[in-house]
Amino acid sequence: DRRVINVYLLGVGFMLIFTAFTTCGNIEQTVIRSLTNTSFSGSGYNSLAIIYGVFSASNLIAPSVVAVVGPKMSMVFSGLVYSGYVVSFSKPMTWSFYITSIL
């Protein structure tokens, strides 16, 4: 059945996104300490505090956003935001690091 295949693909896709996101969250302070770029002044601990603070606050409005935007577009947007956070590690800049933590 096509619907079962779609659910399977969606599950695998989000599993891969969350695997990358969790890996970045677990190693970000180690990566930050190893940077030789002196203009970067971010902290992995502050980033995680921002991420989970925003998660807590956004859980209050998430059902309303999904009802207005729709589940499909909500998942597309969340996948893009998670991917943006992972990509922000490719060229670390303080402003992009904290903005992607907020989003």
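What share of the contacts in the chain with a separation of 6 or more comes from residues 24 or more positions apart? The figure is 70%, where contact means heavy atoms within 4.5 Å. Keep that in mind as you click around.

A word on the model before the first stop. This is a predicted model, in which local features need pLDDT of at least 70 and side-chain atom pairs count only at pLDDT 80 or more, while totals for chains, interfaces and linings use all residues. Residues are numbered from 1 along each chain as its sequence is written, and side-chain values use heavy atoms, with hydrogens and water left out.

**Stop 1: the whole chain**

Show everything as a cartoon. You'll find four helices and zero strands, in the order α-α-α-α along the sequence. Helices here are DSSP runs (H or I, at least four residues; strands are E, at least two), numbered from the N terminus. Switch to the C-alpha trace, which spans about 55 × 30 × 15 Å along its principal axes. Of the 103 residues, 24% are buried; buried means under 20% relative accessible area, exposed over 50%, and partly exposed in between, using a 1.4 Å probe and protein chains only.

**Stop 2: helix 2 on its own**

Select residues 44-69, which make up helix 2. A straight helix of these 26 residues would span 38 Å at 1.5 Å a residue, yet helix 2 spans only 32 Å between its end C-alpha atoms. The expected span is 1.5 Å times one less than the number of residues.

Now go to Ile61, where helix 2 bends by about 50°. That bend is the angle between axes fitted to the seven residues ending there and the seven starting there. Colour Pro63 too: this proline follows the bend within four residues. Just past the end of helix 2, pick Gly70, which has a positive phi of about 105°.

Next, highlight Gly44, Ser47 and Ile51, the buried residues of helix 2. Their packing partners are helix 1 (2-33), helix 3 (71-87) and helix 4 (94-102).

**Stop 3: Ser47**

Zoom in on Ser47, in helix 2. It counts as buried because its relative accessibility is 0%. Leaving aside neighbours within four places in sequence, Ser47 is in contact with Glu28, Tyr85, Phe97, Tyr98 and Ser101.

**Stop 4: helix 2 against helix 1**

Two packed helices are described by the angle between their axes and the distance between the axes. Bring up helix 1 beside helix 2: they pack at an angle of about 150°, with axes 8 Å apart. The axes are lines fitted to C-alpha atoms, for helices over the stretch in contact, and angles run from 0 to 180 degrees between N-to-C directions. Helix 1 and helix 2 are therefore roughly antiparallel. For the cut-offs, under 35 degrees is roughly parallel, over 145 roughly antiparallel, 65 to 115 roughly perpendicular, and the rest oblique.

To see the contact, show Phe21, Gly25, Glu28, Gln29, Ile32 and Arg33 of helix 1 together with Gly44, Tyr45, Ser47, Leu48, Ile51 and Phe55 of helix 2. By class, that contact of helix 1 with helix 2 has six nonpolar, four polar and two charged residues. Ala, Val, Leu, Ile, Met, Phe, Trp, Tyr, Cys and Pro count as nonpolar, Asp, Glu, Lys and Arg as charged, and the others, Gly among them, as polar.

**Stop 5: helix 2 against helix 4**

Pick out Gly44, Asn46, Ser47, Ile50, Ile51 and Val54 on helix 2, then Phe97, Tyr98, Ser101 and Ile102 on helix 4. The contact of helix 2 with helix 4 divides into six nonpolar, four polar and no charged residues.

While you're there, click Ile99 in helix 4. Ile99 is partly exposed, at 43% relative accessibility.

**Stop 6**

Is Ser74 buried or exposed? Ser74, in helix 3, is buried, with a relative accessible area of 18%. Not counting residues up to four places away in sequence, Ser74 touches Val65, Val66 and Val69. Ser96 sits 22 residues from Ser74 along the chain, with 22 Å between their C-alpha atoms.

Finish at Phe77, also in helix 3. Phe77 is exposed, with a relative accessible area of 53%. From Phe77 to Tyr8 is 69 residues in sequence and 19 Å in space, C-alpha to C-alpha.
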